[in-house]
Amino acid sequence: MYILFGGDFTRATLVQWVLDEGKIEYELRKIDIINGEHRSAEFLAINPAGLVPVLMTPEGDALYEVAALMLYLAERHQLTQLAPASTDPDRGHFLSAIFHIAGDIQSEMKRFHFPHRFSLRSEDNAGIQDLAKSLVLSRLSVMNTRLAQRGPYVLGTRFSLADFYLCFWVAYLDRKAVCVQLPAIAKLYDLVRARPTATPYLEETERMADTYAEMMKQNPSGVIS
Ligand SMILES: N[C@@H](CCC(=O)N[C@@H](CS)C(=O)NCC(=O)O)C(=O)O
């Protein structure tokens, strides 16, 4: 059986959703990142990078990187409704979207949530966060134009895990502001959030995002060191 190391305030939600979509059996082990459990000796023995999620395969391999975990599960369990197969004509657009979200959106979200790690001066934190947010917004704006021309989903009329992946990060940014500025992203968000299997996950993500934003206000020098 798979073991997913995840928990509150983490992107492990994305992997959990794929596991549930695929009706794949797994056990969830919650790691409390707010209280530093990801830096415990036990967890570092599983992932020396000290980051979640980690997916332990039934064979005992500890895999990491959320986009890789979603693709791995979709391919291993032939979830072609979530990830087009390698011979599918939509495969190229799908991979472009996944790698773009993983490389260019997630990296800015890291700066948005952990600005204190990108400067030695605490007075820079607010500016770093603002800059990260505006960079994500400019990337989402390009996606908004594509979705307006060729949507409503990333792959046109076909839903895929790229849509859920994108909406997860919209939920963690400032979803109301994003949706007001970017109507095609707003339409996608509503469509994905209305999917019965996605609704509870996005609702929970919205709660986590609001709580984390509040914690950031209370701890301007960093929620997690
Ligand atoms: N590139 C990794 C990043 C993983 C990551 O940063 N996970 C966050 C939770 S969503 C974490 O473990 N944060 C703890 C920290 O940065 O100290 C991925 O996409 O899976």
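**Close-up 1. Residues that meet where helix α4 contacts helix α5 in this predicted model**. From α4, the residues H93, H100, I101, D104, I105, E108, M109, R111 and F112 take part, and they meet I128, Q129, A132, K133, L135, V136, R139, L140, M143 and R150 of α5. Sorted by class, the residues of this contact comprise 10 nonpolar, 3 polar and 6 charged.

**Close-up 2. The packing of helix α4 against helix α5**. Two packed helices are described by the angle between their axes and by the distance between those axes. Here α4, which spans residues 91-113, and α5, which spans residues 125-150, pack at an angle of about 160°, and their axes are 8 Å apart. Angles over 145 degrees count as roughly antiparallel, and α4 and α5 are therefore roughly antiparallel to each other. The crossing in which α4 passes α5 is left-handed.

**Close-up 3. The packing of helix α1 against helix α6**. Helix α1 (residues 12-21) packs with helix α6 (residues 161-172) at an angle of about 150°, with 10 Å between their axes, which makes α1 roughly antiparallel to α6. The crossing of α1 and α6 is right-handed. In this contact T13, L14, W17 and V18 of α1 meet L161, F164, Y165, F168 and W169 of α6, and the residues divide into 8 nonpolar, 1 polar and no charged ones.

**Close-up 4. Residues around the ligand**. Of the 13 residues around the ligand, those that come nearest are V52, E65, V66, K110 and R117. A backbone N or O atom of V52 lies 2.7 Å from a nitrogen atom of the ligand, while a polar side-chain atom of E65 lies 2.8 Å from a nitrogen atom of the ligand. In the side chain of K110, an N or O atom is 2.5 Å from an oxygen atom of the ligand.

Notes:
Residues numbered from 1 in each chain as written. Predicted model: local features only at pLDDT ≥ 70, side-chain atom pairs only at ≥ 80, totals over all residues. Heavy atoms only, no water. Axes fitted to C-alpha atoms, helices over the stretch in contact; angles between N-to-C directions. Helix = DSSP H or I, 4+ residues; strand = E, 2+ residues; numbered from the N terminus. Parallel < 35°, antiparallel > 145°, perpendicular 65-115°, else oblique. Left-handed = near helix turned anticlockwise from the far one by under 90°. Contact = heavy atoms within 4.5 Å. Nonpolar A, V, L, I, M, F, W, Y, C, P; charged D, E, K, R; others polar. Near = heavy atom within 4 Å. Polar contact = N/O pair within 3.5 Å; in protein donor to acceptor, adjacent residues only side chain to side chain.
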